[in-house]
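These are my notebook entries on a structure that I looked through piece by piece.

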Amino acid sequence: MQTYLPRKTSEGSRQQTGGRDQLSEPPVVVFTQNGKGKARNVGDLVFKNLTLFFAAVVFSLVFLMAYEMYKGSNLSIAKFGWKFLWTSVWDPVRGDFGALPYVYGTIVSSLVALAIALPLSVGVAIFLAELSPDWLEKPVSFLVELLAAIPSIVYGIWGMFVLVPIVRSSIGPFLTKYLGFIPLFTGAPYGFSMLAAGIILAIMILPIITSISRDVMAAIPNAQREAALALGATKWETTKIVLSNAKSGIAGATLLGLGRALGETMAVTLVIGNISRISIHLLDPGYSMASVIANEFTEATSDLYLSSLIEVGLLLFGVTIILNAIARVIVWSVTKRFAS
Amino acid sequence: MELATLEESATAAMENTTPGQPPISSIPHKMIAKDLNCFFGKTQAIRNVTLAIPTDQVLAIIGPSGCGKSTFLRSLNRMHEVAGGTLTGKVLLDGMDVYDSDPVVVRRRVGMVFQKANPFPTMSIFDNVAAGLRLNGTRNKNKIGETVERSLKQAALWDEVKDSLNKSGMSLSGGQQQRLCIARTLAVDPEVVLMDEPASALDPISTAKIEELIYDLKKNYTIAIVTHNMQQAARVSDFTAFFYMGELIEVDDTKTMFTAPQQKRTEDYITGRFG
Amino acid sequence: MTKGSNAGVDRWRKFKNAFMIGLSVLSALVVIAPLFVIFGYTLSRGIGSVNLDFFIHMPKPVGETGGGMANAIVGSLMMVGIGGLIGLPIGIIAGVYLAEFGKNPFGAAVRFMSDVLSGIPSIVVGIVAYVIVVIPMKHFSGFAGSVALAILMIPTVTRTTEEMILLVPHSLREASLALGVPSWKTTIRVILPVATKGITTGVLLAIARAAGETAPLLFTALGNRFWSTSLNQPMASLTVFIYDYSKAPFTDWNNQAWAAAFVLICIVFLVNILFRLVTRSRYGIGNT
């Protein structure tokens, strides 16, 4: 039985903190004084450390991958150094490798994809975030996500059986006829081309650019829209304001889409033609980094050959990681800025 | 911050007694909070509160919204820290320092019923009541069965559910769910039951049932109930403590509190001049 | 922005407004169209060849008609299964860590790394699996393919597990803790059961993604024209089957490739629809 200790009146209290509600620093907490009382439970400790271990595994996976790939490309890095990036020769017999045509092919096909996808994605994002009523927005968003779920091999065979013939017989001749004075829009009549690769990649990266752009636009507070409308702006003019706020977020989304395009293998391999050349003509066939790896990895007859292919993979790895990291930081900071 | 020893505080306190405190050494108390200050980060929610919870009685804690009643309650069973809060001061349960012990042990001895009923959605009525027992290692089927029945009877829910113990806990009405949560709390056989506005989300009939329940429970349990409903406090409790802006203004036996409060602020609140 | 008092200006703005809205609606249609076109084409070319034979027979030699892709189906099932056994527990437990303890800088780092991991091209993951499994083993194997798929599953399942656990109302955790149940038991016996439905569909999503992968299998599991259930040897898979048979100059084989593609796309769509239905609270704008 405890002796009851009456409460001191506020004036006489020894632990008065000056009547303020806010302190300058958080106070010392009694119950961790001697470490007892908190998490005495062995179970808690084991659980925390066990889950921590697996989280650490996930964390270190990327580093592990980087290390293994670097090790695997040792031979070709040692032999070619940086000129691997800007030489065009690819000669397994003589043991001379340069990845420029593949780098070129990857970049060009991805840029074509971006050029096609970006306006469309932003258009759809505007539609979803600003214009469409709720009952329409959800199904359309879902359909866009289904587009992302289609396996790349299915895109690839559709591209090969449907898109390539269309490029060969319709799009190609059309472009050559009306825009042929620009070298970009001419080229070989095979159908298998940089353009075909760009188109199929565009369809594949649409969902990711759209959904992130839509999320970023939706995160912009309604107060901004209301302010614009109250000033007499039209819907489109209001949207322009939202867009200008969402600019960096959309840039981040674009980078993510670009990253996806750079690394896409199966769809590109089946439509790009797989001819190692550098050409300004979009209708000419080309070759991408992912495609050369896919096609030649099992054919690599020498260690140097294999190492060169792995180095191409390492390049792809490095570029996509950097793009992804930058993109995610941008998108994260934009949505954080607008989260109230 | 230095902690006072028992003797030092007692001596210092002899100089000032808070108006309204009954000559209390004759009343046994189960728990006591001493010089309690509770914080959320830098914001102080409870300021220098010293309050005893009398054994096997009902102590009502009243006060306007935001005065810290719930925070105080949660500091008694170490739920305050679960929400990320910190505190200084002491809380004793039968003389044992609550903050120097295993929180799991403390919470088994001091149970809590929340404002919004929170039965476990994936469990049946039976499993909900048995949850505390099972999760703490009890396996004996007979013991579990008996305890579930006893608890449901204590919570005045047995007659309504005894034929449908396998139905989901979520299939009950709001009032029934709250009684289910009370049964669940009682099943682990706590010594103290803390109630945080248990009937505020319920209709008058369910509220009346719960108040009856509380009246019966105090025979065996020490109860502290936070309520914003003064009439409820007057109906149900033996002692009432009035909090305002994080401070304990007055505590007295309920009859005195509601008929002849000593502090003006208490009187103002009780007569409805603010709230 | 000034209010146009000039009727002409107003009309121009109205026109621009309507035009832009129209463009936006048009782009929505243009974007959705490929979905129907591709699915429709796959359906039309594939459904004719989908029959029982397709599922239970082995590929026939060149020149003979008929046959199926039983070995490819079984191969895919096995590799996705083993890959799942490796990758899913890692991802789920990491997800539990992030939900329970992850509000610190290390948790943020893990989340970041998981997102980065999900952006790595699958062919690169194939190379890694080649280097860490095929080279030491000195031959291609179904196991190497499984490892590649495991790595691919991890980021998806980590993030969805974390999200599903965070969706469980805090009041349940409070109720359990107040009963004197230790924190770890609360997580395992109270929180996780409630999150199970969502976690499962996240798992299905990861599995569906892995099942649709081709590139990482090209030089890990390689492919196999014969029946094999040994993870220690090259193993056929549905996706590589589609790749090989679609490139071949035989119409019969092409048709089979389309049939396989149709089966694949149906499975993937079904899983995605299921996922959407279960996570309806994530549906719509602003609910990320």
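**Entry 1: ground rules.** I am reading a predicted model, in which local features need pLDDT of at least 70 and side-chain atom pairs count only at pLDDT 80 or more, while totals for chains, interfaces and linings use all residues. I number residues from 1 along each chain as its sequence is written, and I letter chains from A and number ligands from 1 in the order in which they are written.

**Entry 2: confidence.** I noted an ipTM of 0.86 and a pTM of 0.83 for the model. Chain B averages a pLDDT of 86, and 90% of the residues score at least 70; for chain C I found an average of 87, with 92% of the residues scoring at least 70. Within chain C, the lowest confidence is in helix α2 (residues 52-56), at a mean of 74, and the highest is in α6(C), at 95. Helices here are DSSP runs (H or I, at least four residues), as strands are (E, at least two), numbered from the N terminus.

I then listed stretches where pLDDT stays under 50. In chain A this holds over residues 1-38, for which the model has 70 contacts beyond four places in sequence, and in chain B over residues 1-25, with 32 such contacts. In chain C it holds over residues 281-288, for which I found 14 contacts beyond four places in sequence. I count two residues as in contact if their C-beta atoms, placed from the backbone, lie within 7 Å.

**Entry 3: a helix pair inside chain A.** I looked at helix α3 (residues 100-131) and helix α8 (residues 235-263) of chain A, whose axes come within 9 Å and cross at roughly 140°. Axes are lines fitted to C-alpha atoms, for helices over the stretch in contact, and angles run from 0 to 180 degrees between N-to-C directions. α3(A) and α8(A) are therefore oblique to each other, given that angles under 35 degrees count as roughly parallel, over 145 as roughly antiparallel, 65 to 115 as roughly perpendicular and the rest as oblique. α3(A) passes α8(A) in a right-handed crossing; a crossing is left-handed if the near helix is turned anticlockwise from the far one by less than a right angle, and right-handed if clockwise.

Among the residues that make this contact I noted A113(A), A117(A) and E130(A) of α3(A), and I250(A), G257(A) and L262(A) of α8(A). By class, the contact of α3(A) with α8(A) has 11 nonpolar, five polar and one charged residues, where Ala, Val, Leu, Ile, Met, Phe, Trp, Tyr, Cys and Pro count as nonpolar, Asp, Glu, Lys and Arg as charged, and the others, Gly among them, as polar.

**Entry 4: helices of chain A against chain C.** Helix α4 (residues 134-149) of chain A packs with α10(C) at an angle of about 140°, the axes being 10 Å apart, and that makes α4(A) oblique to α10(C). The crossing of α4(A) and α10(C) is right-handed. On the α4(A) side I find F142(A), E145(A), L146(A) and A149(A), which meet V268(C), F269(C), N272(C) and R276(C) in α10(C).

Helix α1 (residues 42-72) of chain A packs with α3(C) at about 115°, with their axes 8 Å apart, and the crossing of α1(A) past α3(C) is left-handed. I counted 12 nonpolar, one polar and two charged residues in the contact of α1(A) with α3(C).

Entry 5: I found 77 residues of chain C in contact with 76 residues of chain A. α1(C) gives the most to the side of chain C that touches chain A, with 19 residues, and by class that side has 52 nonpolar, 17 polar and eight charged residues.

Chain C is divided into domain 1 (9-49) and domain 2 (52-282), with bounds that come from an automatic or database domain assignment. Taken over C-alpha atoms, the centres of domain 1 and domain 2 of chain C are 32 Å apart. Eight residues of domain 1 of chain C are in contact with eight residues of domain 2 of chain C.

Note on methods. pLDDT = per-residue confidence, 0-100.
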